[in-house]
Amino acid sequence: MPADPEHVVAVDRDDPTKAAADDDRPRWAAFPSYQRERERAGRKDQQDESYDTTRQFKQGFEDNLWLVTKHIERRRARLDKLDVTPSPEVVRRVVAAIPDPLPDEGALGDTMHYLMQRFLPGCLPAQNGPRYFGFVTGGTTDAAQLADLLVTSYDENVQVTLPDTSASTALEGRALEWVLDLLGIPRDVFVGRTITTGATASNVLGLACAREHLYATASNTPDGYSFAEYGPPARGHQDPPIVIVALEPHFSIRKAAALVGIGSRSFLDVKASASNPLAFDLDDLARLLNRPKDDPTRTIVSYGLGEVNTGGFGRDLRKVATLCKRYGAWLHVDAAFGGFAHCVPELKHLTDGIELANSLTLDGHKWLNIPYDCGLFFTSTSQNLKAFLGPPEDLRPAYLSAGPDKGLEKYPSEHEDIPSPLYVGIENSRRFRALPLFASLMTYGWKGYRHFVRMNVHFARQLAELINVHPSYELLNRQPGYTGNSGNRAYTGWSDYDASDRRVPIIPLNIVLFRGSESSPYHSPDNDNGIVKLIDALNGSRKLYVSGTRYRNRGAIRIAISNWLTWKEEDFNIVKTVLEEVAGIVVVPDTPSPRRSAFK
Ligand SMILES: Cc1ncc(COP(=O)(O)O)c(C=O)c1O
């Protein structure tokens, strides 16, 4: 067993390309193997062609595994203490020091040392820690992290269901059932299911299922026409134009529309309700869906459950689903993160109607805190996915059958319950993504996940309360009807979660959207300079990370909370201090007028 690798965390914070003081290894550039390769690179003609395979196998997998495990263990223990981001200077130095040229031969120990000591300090040290609030980023639960190590160790390619050979697809099937159980959606509502690389891929599947269904049922294509098999209809049959109706769709919906041939500009303008920009004006929606009999246009309604800037909800999904059904439109629901509100009883009203989707996108690597990458896709008919991802009978690839005596001629009936992933998903070869998902669901269960979502929302609301009263900030996603945590704009400070509190919450869910107020030094109404500076100032602390966005044509800042570790008062106080230091004003609980701080 090697000596305790203190150096694993004893990195020079400002220059990880320098060895730490207690690191007795040579400077990486002076590693003998690499030095040798640099010399050889210039004289390739004299290169030794032999390669000692045995030596490579003896390079100390066990010792290095121990070092890597130690590194992971120490990092995990200090995740809430680490800088959330490296400094730009460190990133520049690490990038400049990425080895080149390709060596003829290296050494495992040198490589692992380089990665842990010199390279990883230039990456995000604590993106999966409690104060990374960029985009919508989950962390990784302990159960998921450990299972993910096993995934790599086994490196199974989960593509074909081989009932006598591997149980992996059965576990994948169970994990997907458990996601539905977690949300309280009956399993038979979404019988088409698969694990994807993320919500974007799931949205691609959703629009592709829609396209397949809409072509098959169009008035001007032969009955059951398959776009997947034949592409756009041949002459004599007019292409049924497909249009999308959506309010504030996530960008990935446009990307998906581009990918499946619908077109990223094929979106119709639709009115929003006067009271909620995320709710449809149902009359206008009905007008768009109710087309004259001779109009072959088919419609997809893409409905976002959880808008990425505000975390807001339309609250009209059930009514929208009724209209879609009445007029034969396909209802795709992108609930990448917002869908998990459905597992918390007091938040469930936000996602009411989720089970009425024809196709549904969720993300495992957001609120489920499964490591990247893990997306989830569900659709109401299993045939739809198989119709365009499963091979037509005469094109079935023989080498991907379950075995010589269990050929693909039995597909799909033989594998009705556990379809081969390659026939219901985009990839042929794929990682065993279900294992971390399953492990995490098995470890924390419904109670655990309900707790994670609840605590994140509670944390976000408390931050919103603070920002709402702080004179230097303007909260942008305050809900109508909110009356303050003590009936006015006073600040009552950190409080524990109160399940019986039924007052209108300050923000819809887990996203806090804000910018510098008029009295802030970062106020710049005519351009985004102020917001950029404010983001730099906040992130420059390296104690947290926020991301920028545009809201109502002006720059804004988002704090999105979806990490299972984000619930502690200590972390709240760190964030509060950073916000106050950057503004130069401290907010004291229960003191209506905030006082100037001593920070400046
Ligand atoms: C509503 C919504 N849809 C889709 C996506 C894209 O997700 P992914 O990055 O997993 O592809 C996101 C990401 O934030 C999202 O919030």
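What follows is a short chat about a predicted model of a protein.

User: How many helices and strands are there in the protein?

Analyst: The model, which is predicted, has 16 helices and 13 strands, and buried residues make up 42% of the 600 residues in the protein.

User: And what share of the contacts join residues at least 24 apart?

Analyst: If we take contacts between residues at least 6 apart in sequence, 75% of them join residues at least 24 apart.

User: OK, the sheet next: in what order do the seven strands of the open sheet come?

Analyst: The order is β1-β7-β6-β5-β4-β2-β3, and the pairing in this open sheet is mixed. Strands β1 (192–196) and β3 (267–268) stand at the edges with a single partner strand each, so one side of each has no neighbour in the sheet.

User: Which way do β4 and β5 run, parallel or antiparallel?

Analyst: Strand β4, residues 298–304, pairs with β5 in the parallel sense over five bridges, and in this pairing V301 stands opposite L331 of β5.

User: What about β6, how many bridges does that strand have to β5 and how many to β7?

Analyst: On one hand, three bridges join β6 to strand β5 (residues 330–334), and these two strands run parallel, with H332 standing opposite S359 in β6. On the other hand, five bridges join β6 to strand β7 (residues 375–379), and that pair runs antiparallel, with F378 in β7 as the bridge partner of L360.

User: Is β6 mostly covered or uncovered, and which way do its residues point?

Analyst: Strand β6, which spans residues 359–363, is mostly covered, since five of its five residues are buried. S359, T361 and D363 point one way from the strand, while L360 and L362 point the other way, and the residues on both sides are buried.

User: Switching topic, what does UniProt list for K366?

Analyst: The UniProt record, an unreviewed entry, lists K366 under "modified residue: N6-(pyridoxal phosphate)lysine". In the model, K366 has its place in the loop between β6 and β7.

User: Now the helices: at what angle do α8 and α13 cross?

Analyst: Helix α8 (residues 199–216) and helix α13 (residues 382–389) have axes that come within 9 Å and cross at roughly 90 degrees. Angles of 65 to 115 degrees count as roughly perpendicular, and α8 and α13 are therefore roughly perpendicular to each other.

User: Which residues meet there, and how do they divide?

Analyst: From α8, the residues are L205, A208, C209, E212 and H213, and they meet N384, L385, A387 and F388 in α13. The residues of this contact divide into six nonpolar, two polar and one charged.

User: Last one, where is T492, and how far is T492 from V588?

Analyst: T492 is found in the loop between β8 (473–475) and β9 (511–516). Although T492 and V588 are 96 residues apart in sequence, they are 8.4 Å apart in space, C-alpha to C-alpha.

User: And why does T492 count as partly exposed?

Analyst: T492 counts as partly exposed because it has 13 C-beta neighbours inside 10 Å, a count that falls between the cut-offs of 12 or fewer for exposed and 20 or more for buried.

Notes:
Residues numbered from 1 in each chain as written. Predicted model: local features only at pLDDT ≥ 70, side-chain atom pairs only at ≥ 80, totals over all residues. Helix = DSSP H or I, 4+ residues; strand = E, 2+ residues; numbered from the N terminus. Pairing = 2+ DSSP bridges. UniProt positions renumbered as here; feature names shortened; annotations may be inferred. Axes fitted to C-alpha atoms, helices over the stretch in contact; angles between N-to-C directions. Parallel < 35°, antiparallel > 145°, perpendicular 65-115°, else oblique. Contact = placed C-beta atoms within 7 Å. Nonpolar A, V, L, I, M, F, W, Y, C, P; charged D, E, K, R; others polar.
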